[in-house]
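Dear colleague,

Please read them alongside the coordinates.

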Amino acid sequence: MTEHDYKWMRSSKSQDCLCLVFPEKISSANAPEVRAEVFDLLSRFPHTQLVADFDGVEYISSSGLRVILELIKSEKNFRIVNVGSAVYEIFEMTGFLQMADIQKKRRQISLEGAEEIGWGFTARVYRLTEDSIIKVYREDIPIEDIEGELSRAKQAFVAGIPTAISFDIVDVGNSIGVIFERMDGGTLKSAMLAAPERFDEFMEQYALVLQTINSIPVADEAIPDAKEIALRKLKYLTEEKGMLSRQESERMEKFLSSLPDTGTYIHGDCQFKNIMLSGGEPMLIDMDTLSKGSPLFELAALYNCYIAFEDACPGNSENFFGVSEELTGKMMDRLMSACLPVYSEEPFERAEKKVQLLGSFFCFHFFVQYMSEEEDNMKKAGEIFRKRLAELEA
């Protein structure tokens, strides 16, 4: 990393990204010098990305805004980060938010005294206040992924998907969190365990939630396509990892290509820990896997976590969900029976085999990408996937 200090400006350059740290105040008194230093640094350090760090900026005048406007017009890849509330308000009032990628400085949140109420592969969830919860991500999760989930959560809410309101991205020590509204009830899982005699009622609610999500058309082009995601996973397994033969890859690609493109929402991880009951009504959390495509992808994601993972890694239902294999199997059977006749015009057994193949494929990919050190389980997941592929073709 190359660093350089001027009277007003500090800079650092890493690979093709040049970062400029702006002074505390940019007014008519210093704007000409700030501008001269900025453009001198731009000429001295070739770059393809320019980042303006406003972490210490407390005030910017119209003279300072004109310097920023020049950068917006001259730089193809330019963003402003760590903008405090007062300066962010100035950018908002002057219309700069519509002209450039301007990111507000994140608040720092403490989890002292906060109760942990859930956990998953990428994050843990804490009760923050009476009205809010916070999802805290692992330190290795990129901010782009977190921002994407927040954006998808807001899009899902506007589209009519029953989900919690998302508020803001914050810092939690060295990690990043997203604050959501707190539901007044627990998860569908906790409700099932507390009242097992209401299993049929809960499963009717569960199936209705899936059918509601999977019937809403996607208007936003930014929502990823489930089929394209699956094809990238196939390419990863075949070309990057060499875990599938060319013939196996071609057969799987042919299968994926044959799936209908319905263009409706898919939650992608609608397991019962991700369904909250608010006033008795189901509400969804965790929108990082939101996509669009055939509803068969929805059932396949559930088959992956409820059945395929247990088959490849016995004891997963107890270890991850805290319930018996019998319960997750019973839930999957009910969801298949309720949803497949709605999702597919094919004979039930044929549609069921497609879901099983997709779910086993997702499971195999997960083991290869994230749990390759568990060689025996990864090998078993691969064997199950190949078996499902042969069964469908038969």
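Helices H8 and H13 are oblique to each other, a class that takes in whatever is left once angles under 35 degrees (roughly parallel), over 145 (roughly antiparallel) and 65 to 115 (roughly perpendicular) are set aside. H8 covers residues 246-258 and H13 residues 375-393, and they pack at about 60° with axes 11 Å apart; helices here are DSSP runs of H or I with at least four residues, numbered from the N terminus, and axes are lines fitted to C-alpha atoms over the stretch in contact, with angles from 0 to 180 degrees between N-to-C directions. From H8, Glu248, Arg251, Met252 and Phe255 meet Phe385, Arg386, Leu389, Ala390, Leu392 and Glu393 of H13, where contact means heavy atoms within 4.5 Å.

This is a predicted model, in which local features need pLDDT of at least 70 and side-chain atom pairs count only at pLDDT 80 or more, while totals for chains, interfaces and linings use all residues. Residues are numbered from 1 along each chain as its sequence is written, and side-chain values use heavy atoms, with hydrogens and water left out.

As for disulfides (pairs of cysteine sulfur atoms within 2.5 Å), the structure holds 0. The sulfur of Cys17 has its closest cysteine sulfur in Cys19, at 6.6 Å, which is too far for a bond. Cys17 is partly exposed at 22% relative accessible area, whereas Cys19 is buried at 18%; buried means under 20%, exposed over 50% and partly exposed in between, with a 1.4 Å probe and protein chains only.

Best regards

Technical notes. Helix = DSSP H or I, 4+ residues; strand = E, 2+ residues; numbered from the N terminus.
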